[in-house]
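I opened this notebook to record what I looked up, entry by entry, beginning with the division into domains and moving on to cores, strands, ligand surroundings and backbone angles.

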Amino acid sequence: MAKKEWTKEERYRVLKDPEEIRDLYERITGTDYRQTYHIQPVTGLLNDPNGFVHHNGKWHLFYQWCPWGAVHGLKYWYHTVSTDLIHWENAGVCIKPDTEYDNKGAYSGSALLGKDAICLFYTGNHRDPDWTRKSYTCIVKLYDDGRKAKLPWPLFGPHPDYTEHQRDPKIIYNEAQDTYYIIIGAQTKDKRGCVILYKSRNLLDGWEFAGELKVPGFENFGDMWECPSIERISGRDVLIFCPQHLHLAGRGENTNHSGYILGTMDWDHLTFTPSGNFHVLDFGFDSYAAECAANIEDRDYAVVVAWMGLPDSAYPTDEEEWQGCLTMPRELTVRGRRLVQKPLADLVALRGEEIDPSMKVLPRACEVEILSRGGDLDLKLFARQDGSGGLSIHYDDEDKFVTVDRSGVEKRFNTQMGEIREHALENRLSHLRIYIDRSSVEIFVNNGDAVFSSRIFPTAEENSFVLSPNASMRIWKLERAVKEDFVI
Ligand code: FRU
């Protein structure tokens, strides 16, 4: 199937009737690269996770959705729900771009519990007829009975001192000041990425501009900061954001990164004082726009999920007219000077039959555990039966370097972003836990010290592996956990 060329009219078409996409849904469900335990678009394209929140025993997670195909166009918030963060169900469209303020998309945002409903804060992406962009911060209330109510007016519009790039509201309650803050990713007129803040005593009105966040040492760090957030994790403050158009060592030609800085947040002076460098959250090829869940009482960790994809990228499923998925939700804590990401403990419930590694076959959805007996380690996943090709993972024990190389796979893609990712571990490699789904691989190193998440599109022949002899391996098939019902 040839890659489709899209006109602006096609990309920004309004979805009026679910029947308009039923045919697309039926064509893609059950195809080879559709995932089994990752959230993926019901049709079309998925990008950022949005509005992640826990309420009344349920997790709500939304994603940026363009219904029409593998293209960024008119964005909706699509709603998924879970009781355990592992099994997810489709709950239909939640935010539609149907007002003047969001006429060209309901862009990313976050959630917080209000008095009588979950409040979803998002960017109304407005375009004038001459295509000038104006961003509005808007609210939809989601009631327990499933009703939705969009406030007819935005909380505030674009700030005149910044460029048209102002978006992705993160709502934060500051207990000490009994004040709500909304932080917004923005770009200064001289093209520097930053965060601006608004504050109010009420969730639904009274919002005023509070200032630009000062982050000493990061005044010139990429030209736009998307999806910013300030989290408190394991008793530490963390600034999470996606600086754009920035070159970082070990990241190939990809210039869009999802990362964080540890530090101290002073809400009285709107200053985040870093205690270290910027680090990426994920060392793999495909990870962006990470979002932590709001309101998880009594836990000293955050739950984080990200888009397993990148802006400005093409994927092999584009020709099937769908693209994107989310990472598995993960547990996030601070260890020393780094964030540590671990698979959720309850994921063991997905384990099915254990496979004998001597068969040399990788099931399409499985968990792999590898224990190193020391020294260098070589692992190839998705190799052909004769051991050729595949995704290579190499660990060099002398400099503690992990290198992941995906140039050996048959379906190569996004090669302009580089085909190698590398990272120097703090400790020697002892352990790998790898989650494979039908078109992704998430490699957790040393119990969360580092994670490499990547999309991968193996052919039927690429179902084998090769492991150096100084390591042992176990493999479990994983059960399906994400339903694919046609709920619009
Ligand atoms: C990040 C992003 C956000 C924006 C959304 C639009 O991937 O560009 O800044 O709100 O995607 O879909």
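**Domains.** I found the protein divided into domain 1 (8-343) and domain 2 (358-478), with bounds that come from an automatic or database domain assignment. I kept in mind that this is a predicted model, in which local features need pLDDT of at least 70 and side-chain atom pairs count only at pLDDT 80 or more, while totals for chains, interfaces and linings use all residues. Residues are numbered from 1 along each chain as its sequence is written, and side-chain values use heavy atoms, with hydrogens and water left out. I looked up the separation of the centres of domain 1 and domain 2, which is 29 Å when taken over C-alpha atoms. For the contacts (heavy atoms within 4.5 Å), I noted that 41 residues of domain 1 touch 40 residues of domain 2.

**Cores.** I next turned to the nonpolar cores, each a set of buried Ala, Val, Leu, Ile, Met, Phe, Trp, Tyr and Cys residues joined through side-chain atoms within 4.5 Å; buried means under 20% relative accessible area, exposed over 50%, and partly exposed in between, with a 1.4 Å probe and protein chains only. The largest core has 54 residues, of which I370, L381 and I434 touch the most other members. Strand β25 (residues 377-383) gives the largest share of this core, 4 residues; strands here are DSSP runs of E with at least two residues, numbered from the N terminus. Because domain 1 (8-343) and domain 2 (358-478) both give residues to this core, it lies between them. I listed the contacts of I434, leaving out residues up to four places away in sequence, and found C366, E367, V368, I370, L379, L381, V441, E442 and I443. A second, separate core has 43 residues, including Y63, L74, V303 and L310.

**Sheet.** Which strands make up the open sheet of 5 strands, and in what order? I read the order as β4-β3-β2-β1-β20, with mixed pairing, where two strands pair if DSSP finds at least two bridges between them. The edge strands, β4 (89-95) and β20 (322-323), each pair on one side only. I followed β1 (residues 44-55) to β20, where the pairing is parallel over 2 bridges: W322 is the bridge partner of G44, and Q323 that of L45. With strand β2 (residues 58-66), β1 pairs in the antiparallel sense over 7 bridges, and here the partner of L45 is C66. I also noted that 12 of the 12 residues of β1 are buried, so this strand is largely enclosed by the rest of the structure.

**Ligand.** Around the ligand (a heavy atom within 4 Å) I found N47, D48, Q64, K75, Y107, S108, R167, D168, E226, Y288 and W307. Among the polar contacts (pairs of N or O atoms within 3.5 Å), a side-chain atom of D48 lies 2.7 Å from a ligand oxygen atom, and a side-chain N or O atom of Q64 is 2.6 Å from a ligand oxygen atom. For S108, a backbone N or O atom lies 3.1 Å from an oxygen atom of the ligand.

**Backbone angles.** Most residues other than glycine have a negative phi. D312 is exposed, with a relative accessible area of 61%. F382 also has a positive phi of about 55°, but is found in strand β25 and counts as buried at 4% relative accessibility.

Conventions
A polar contact is a pair of N or O atoms within 3.5 Å; within protein, one must be able to donate a hydrogen and the other to accept it, and residues adjacent in sequence count only if both atoms are side-chain atoms.
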